Structure formats: C-alpha cells, structure tokens
Amino acid sequence: MRLSTRIALVVGMVVPLLVVVSGWLLVQLVGKDLRVQADQRLAERAQSVAVAARGLLRASSHDRPRAEQARQRKLFTAALDVGVRLSGPETTVMDGPQPAASVPLPVGTRHPSTVRSRGKSWRVLAVPVTGPGAGVHGMLWLFSPDTAREGQLGMVRRRVIMVALLAAPPAGAAAWLLAARAARPLRRLQQAAGGLDPHTSAARLDHAPTRITEVDDLARTLQTFLTRYDEQAARTAEALASARSFSAAASHELRTPLMSMQTNLDILDAFQDLDAADRAETVDDLRHEHARLLGLLVMLRALAQGDLVEADSFAVIDMADLADEAAADARRRYPGAEVVVHSSPGLTIHGWQPGLRSLLDNLLTNALVHGRPAEGGGHVALSLRAGEDTGSPCVVLGVEDRGPGVPQQCREAVFQRFQRRPDSPGSGLGLTLVAQQAALHRASLRLLDGPGGRGARFEVTFPAAPAHRPAHTALPAHRDWLADPADRPQGFHKEHP
C-alpha cells in the first residue's frame, strides 16, 4: 500500500474522530450554558414568586378563602413558564410542569439541583418562605423542565455526527493529494536508487536537495552506504589481487630454492657413503636455502600486510623512540658493526607502527649487509631531524653507510622486487618494502651519495603529525606491491639528485 493511501486512510478516520470529540466538548459546553441560563431564570422567577407565595400563606393562615384564591392566581401568574409548588402548614398548591408529588424534593439548598422522574428531568430551586405571623412559613419549589435543553443538545449532537460523516471523504481525498505531492521527491529518490547496480555500473546516486529533511537525510544515508560499498569492494579487489600476486610471486621465487633443496636431498639419499666434507657442504647448502625460503616468506608476508592495512591502524608515532629500538636490534644482530643514532625528541608522524619499524629494519639491514667497506666492520648512521617540505613541517629520516654506494644507473632498479646481487643473502624484497611503506605514508624516498661521495644515503621525508588526529588517513589507491612492477598501477615517491 502506498504511503499516500495510508495517510489518506488515517486522515479519513482521524478527522471524523476529532470532529466527534470536538462535538462532544461542544455539547458539554452548550449544556452547561443552557443549565446556567435555566438556573438564572429560576432565580429571577423566585424573587417575584416568593412575594406571591408569602401573601398566599398569609391569607391561608387567616382563613380567608376569597383572598386565598386571589393570591393563588397571582402566584401562578408570577410563575409564568416554570412549574411551582408551595407547601405550607395548612395548604399545598402546585401548577405547571413538575415531577409527581411522591418524588422527594430538595430542601434547604440555595442553588438549583436536578430531579428525575419517569424518564424526565427538571431543574429545581427550593426557596424557604417566611413572614410575620405564626402561620406564614413554608417551602416554595420552582421547576424548569430540561425538555428544551435536551432537544437543543440532541440537535447539536446530530449535526456533529453529520459533519463528521461528511468530512471524512473530502478529508481523506485532500490528504491523499497532499501526501502524494509531498511523497513525489521520495518516489524520485526511489527510482534513482532502484536504477543503480554496483556490479554493472559505476554510476552513483545523484541527489538534488529537496528541502524535505527526511528525504535529504535518506539520500545522504544511501550515498554514504554506496560510498562504503565502493570502498569495501575496492578493498576486497585489492585483497584478491594481493592474494593472486602473493601466490604468483611465491610460486615463481620459491621454485629455484626448492629445486636446489630437492637436489641436495637427492644427493644425501643417493650417496649414503658421502665423505664428511661433501656431506657438510650439502647440509650447509640446505640450511642456506632454507633460511632464504624463510626470509622470502617473511618479506612476502610483510608486503601483503602493507597492501591490506586499513586507515584506522594509523596513529601518532614517536620516530625517535622507534629509531632507538630498531638500532638496538641491529646492534644485537650484527655485533661487529657500529650503528649510531642522531635524533631530536618530539619528532612524530601519523603512521602505521609495524610498517615504520619494518622500513627502519630493512634500511639498517641493507646498510649493514651491502654498505660494509672492503676492509670489513661497518658503520651506519641513522639520523632524524625536523624539516620543511613545500612549506609544511616534515620529519626527515636518513640512513648512511660507508660502503661502495649504488651507481647512478642502478638506483631506480634497487627498489623493484627481487632485485638482488648474486652474492646477496637477502630476498630482494627489503628495499621494495621500504618503497611500499614510503608510499603508504605519503613520504618521499631518495637514494643519494653518502657524505663525501662515499657510500649511500637513503633519505625518507615524512609529513609531520598534525596537531589533531585527522578524521581520515588518505592511503594510496590500488596497492599491490607483490605484483610485477610493470603491472603495478601505482609507484612511490622517489627523487634523485
């Protein structure tokens, strides 16, 4: 059933009900006014009738029949259209409409009251009559029948019911027309929303404000819902793409070490009498390939986490504390190397703590593994400082080594996946993960020469944390760092001198 039809039915029922209720109140008020008028008329009549009643009682007490008859006629004439009953010590006279003599009447009241008898009712006013002389005392009752008042009230009731019955159809029709007109923007919104199919079209709800609060609120709710649907659909597509890329990368990169391990296992199985030196070399190769497999899986997992991280995982991070923790872990892993940290307190950015820690760990590991001088040892300097980038505050992270450096023509390729030297113990994904985290945090990544032209310097410039947490962290669209670089739909911010 349409909303306009429902409104019309409700109005068609409510309007007669309101008319009846209003009519009932009107009848009560009219009845009260008519009763007040009848009481006033009785009070006015009582003033003139009481004088005639007093004269009748005086004539009755002196036993003067002719005077008594004259006084009685005067009493009835003074009463006019109201009933009258006078009860004295020696006589009782009555005239006009009134209840039967057997009906008890009020005595000693100063205000009119209602008396009912045989389905009829009267307003009765009792007036004591006294005068000089022993026999001049009695009770005078004046009666005003309610017949006229009930007739008037009945007429009002009938008219109220007639108005209620006549008002129902036009009220329902008017309500239907007005409701249909008011619901027109809602129908347009329903037609616009009904034509949307997120699976087959990128079109979204285009709503012009109607100045109808409910319709505009509903339209905004639908737009918010569709926006969230698009976001979730995009995240689902990214998750599926990451899963496919993870599978493709893992199957491609794990094939060689697995085949090598299989060969070594076949050698150990086929040559049971293999001498100790060859056996030790084969076992060492197995351990090396096993470590490479574990490292590769760890890096692939880290890249997949970076591709799927949500904006609500971001928080304000103190980079100085994080740098100290990463440097301490690097010293434990490489006891012979020197890792120094130069930073200032209070350098914070809005970021993802696991991703930033992975960025620091991979930069330090890369510097300690590939940035060692030919004579051995190794020195890595990690620095943090506040800066300004295009007029906005930023935090600059630098990692320097004293190794052979990176040739200019190779600086683009080192950030691509699986780029590693033949003698590298790594997976070829460490700097790719650094580039991913730089893009994730809207940071610029630069590969420079080290101090004095010796070694290499990786520099990452992060936007400083805002004074208040942003309502929404803008993450890069279409993150898929596990995919082939040629197929990856977005790159990262990297600058070269």
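Here is a short tour, with something to select at each stop.

Before you start clicking, note that this is a predicted model, where local features need pLDDT of at least 70 and side-chain atom pairs count only at pLDDT 80 or more, while totals for chains, interfaces and linings use all residues. Residues are numbered from 1 along each chain as its sequence is written, and side-chain values use heavy atoms, with hydrogens and water left out.

**Stop 1: the largest nonpolar core**

Select L363, L397 and F462: of the 36 residues in the largest nonpolar core, these touch the most other members. Such a core is a set of buried Ala, Val, Leu, Ile, Met, Phe, Trp, Tyr and Cys residues joined through side-chain atoms within 4.5 Å. Buried means under 20% relative accessible area, with exposed over 50% and partly exposed in between (1.4 Å probe, protein chains only).

Now colour some of the elements that each supply at least two residues of this core, including α7 (319-333), α8 (353-370), β9 (379-389) and β10 (392-401). Helices (H or I, at least four residues) and strands (E, at least two) are DSSP runs, numbered from the N terminus. Which element gives the most to this core? That's α8, with seven residues.

Zoom in on L363. Leaving aside neighbours within four places in sequence, L363 is in contact (heavy atoms within 4.5 Å) with L397, V399, L431, V434, F458 and V460. Apart from this core lies another one, of 21 residues, among them V49, L56, V82 and L86.

**Stop 2: helix α9**

Next, pick α9 (430-440).

Inside α9 you'll find Q437. Is Q437 buried or exposed? Buried, with a relative accessible area of 1%. Not counting residues up to four places away in sequence, Q437 touches G306, W352, G355, L356 and L359. Step just past α9 and you reach R442, which takes a positive phi of about 55 degrees.

**Stop 3: strand β4 and its partners**

Finally, select β4 (residues 120-130), a mostly covered strand: eight of its eleven residues are buried. Two strands pair if DSSP finds at least two bridges between them. On one side, five bridges join β4 to β3 (residues 113-117), and the two run antiparallel. Look for T114, which stands opposite R123 in β4. Their hairpin has two residues between the strands, and there R118 takes a positive phi near 55 degrees.

Nine bridges join β4 to β5 (residues 137-145), again antiparallel. To see this pairing, show V129, which stands opposite G138 in β5.
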